[in-house]
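Here is my notebook from a friendly look through one model.

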Amino acid sequence: LQVAPSALPVLVLGETGTGKELVARAVHEASPRRAAPLKCVNCAAIPATLLEGMLFGHEKGAFTGADRAQKGIFEQASGGTVLLDEVGELTAQAQAALLRVLETKRVVRIGGDREIEVDVRLVAATHRDLEAMVESGGFRRDLLFRLDGVSIVLPPLRERGAEIDRLALLFVTEANRTNGRAIQGVAPDALALLRRYAWPGNVRELKNAIERAVVIARGDVVLAVDLPERIRRAAPAPA
C-alpha cells in the first residue's frame with residue numbers, strides 16, 4: 001500500500017464484512033510501526049458508557065470497581081496503530097474526546113488530570129456515510145477532516161471476483177493455524193463454486209465458509225462437498 005509508510009490517518013469505507021480490518025492490518029504490517037502493537041476496537045460492540053474508558057484508560061477510583069489504574073487502547077498501542085472499526089457509531093462525547101487526542105496526541109485517563117503523550121497511527125473504518133451524517137448533525141465535520149487523511153473504499157466481494165481465489169487460500173492458511181489442520185488448498189470445483197456465489201456477507205462470510213470447510217475436510221484439500229450448502233446450491237453471481 002502506497003500510504004502505509006506515511007503517518008497519515010486512513011479512513012476505510014465499505015459494506016459490513018468487506019475486509020476493512022484486513023486493510024488495517026495490511027497498512028500496519030507495511031508501515032514502520034509493524035514491530036509495535038495493532039489494537040482493534042469495534043465501536044459498535046462496546047456500550048457508550050464503557051468506550052471512553054477502553055480507549056483512553058482510567059485511574060484508580062475513577063468509578064465503582066476501578067480498583068487499579070488501567071491503560072487505554074491508545075496508550076497500549078503507542079508506537080503502533082489503532083483501528084477504530086464502526087467509527088460512525090461513536091457518541092458525540094466520544095467524538096469530541098477522540099478529536100482532542102488526534103489534535104494534541106495526548107490522552108487524559110478518566111478520573112485523572114495528567115496528560116499522557118501517545119504516538120499512534122489511526123485507521124478508522126465504517127459502513128456508514130459519514131458525509132451524510134455530518135449534514136444531519138450525527139458526526140463532527142472537524143473529526144471527519146482529521147480521520148480522512150487518505151480514504152480507501154472497499155467494493156463488496158461480489159464486485160471483486162478476481163480476489164476470491166487468493167482470499168480463499170489466505171483463509172485456508174489461517175484456518176490451518178487456528179484449528180491444527182494441514183489442508184493444502186482448494187479443489188478446482190470448490191473454487192468454481194466460490195467464484196459463482198454472490199457473497200451477501202462479503203469477505204467475512206468467505207472466511208467463515210473456508211474455516212468450516214477446513215475443519216470438516218477429510219482429505220488434504222477443500223472439496224466442493226465441504227462447502228456450506230447455500231454456496232453449493234446458489235445461482236451464479238450477477239456479472
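**Entry 1: pairing.** Before looking at strands, I note that two strands pair if DSSP finds at least two bridges between them. I also keep in mind that this is a predicted model. With that rule I looked up Leu11 and found it opposite Ala124 in strand 6. Strand 1 (residues 10-14) and strand 6 (residues 121-126) pair in the parallel sense, and I read four bridges for them.

Entry 2: In what order do the five strands of the open sheet run? I read 2-3-6-1-7, with parallel pairing. Strand 2 (38-42) and strand 7 (150-154) are at the edges with a single partner strand each, so one side of each has no neighbour in the sheet. On average, neighbouring strands of this sheet are turned by 15° against each other, direction ignored.

**Entry 3: a salt bridge.** I found 16 salt bridges in the structure. I picked one of them to follow: the side chains of Arg158 and Glu15 meet at 2.7 Å, N to O. Which parts does this pair tie together? Arg158 sits in the loop between strand 7 and helix 7, and Glu15 in the loop between strand 1 and helix 1 (20-29), so the pair links parts that are 143 residues apart in sequence.

**Entry 4: helix 7 against helix 8.** Next I turned to helix 7 (residues 164-179) and helix 8 (residues 188-196), which pack at an angle of about 120° with their axes 10 Å apart. Angles of 65 to 115 degrees would count as roughly perpendicular and those over 145 as roughly antiparallel, and this pair is therefore oblique. The crossing of helix 7 past helix 8 is right-handed. From helix 7, Ile164, Asp165 and Ala168 meet Leu191, Leu194 and Arg195 in helix 8. Sorted by class, I have four nonpolar, no polar and two charged residues in this contact.

**Entry 5: helix 7 against helix 9.** Helix 7 passes helix 9 in a right-handed crossing. On the helix 7 side, the contact residues include Ile164, Leu167, Ala168, Phe171 and Val172. On the helix 9 side, I noted Val203, Leu206, Ile210 and Val214 among them. The class count for helix 7 with helix 9 is eleven nonpolar, three polar and three charged residues.

Technical notes:
Residues are numbered from 1 along each chain as its sequence is written. This is a predicted model: local features need pLDDT of at least 70, side-chain atom pairs count only at pLDDT 80 or more; totals for chains, interfaces and linings use all residues. Side-chain values use heavy atoms; hydrogens and water are left out. Axes are lines fitted to C-alpha atoms, for helices over the stretch in contact, and angles run from 0 to 180 degrees between N-to-C directions. Helices (H or I, at least four residues) and strands (E, at least two) are DSSP runs, numbered from the N terminus. Angles under 35 degrees count as roughly parallel, over 145 as roughly antiparallel, 65 to 115 as roughly perpendicular and the rest as oblique. A crossing is left-handed if the near helix is turned anticlockwise from the far one by less than a right angle, and right-handed if clockwise. Contact means heavy atoms within 4.5 Å. Ala, Val, Leu, Ile, Met, Phe, Trp, Tyr, Cys and Pro count as nonpolar, Asp, Glu, Lys and Arg as charged, and the others, Gly among them, as polar. A salt bridge is a side-chain nitrogen of Lys or Arg within 4 Å of a carboxyl oxygen of Asp or Glu.
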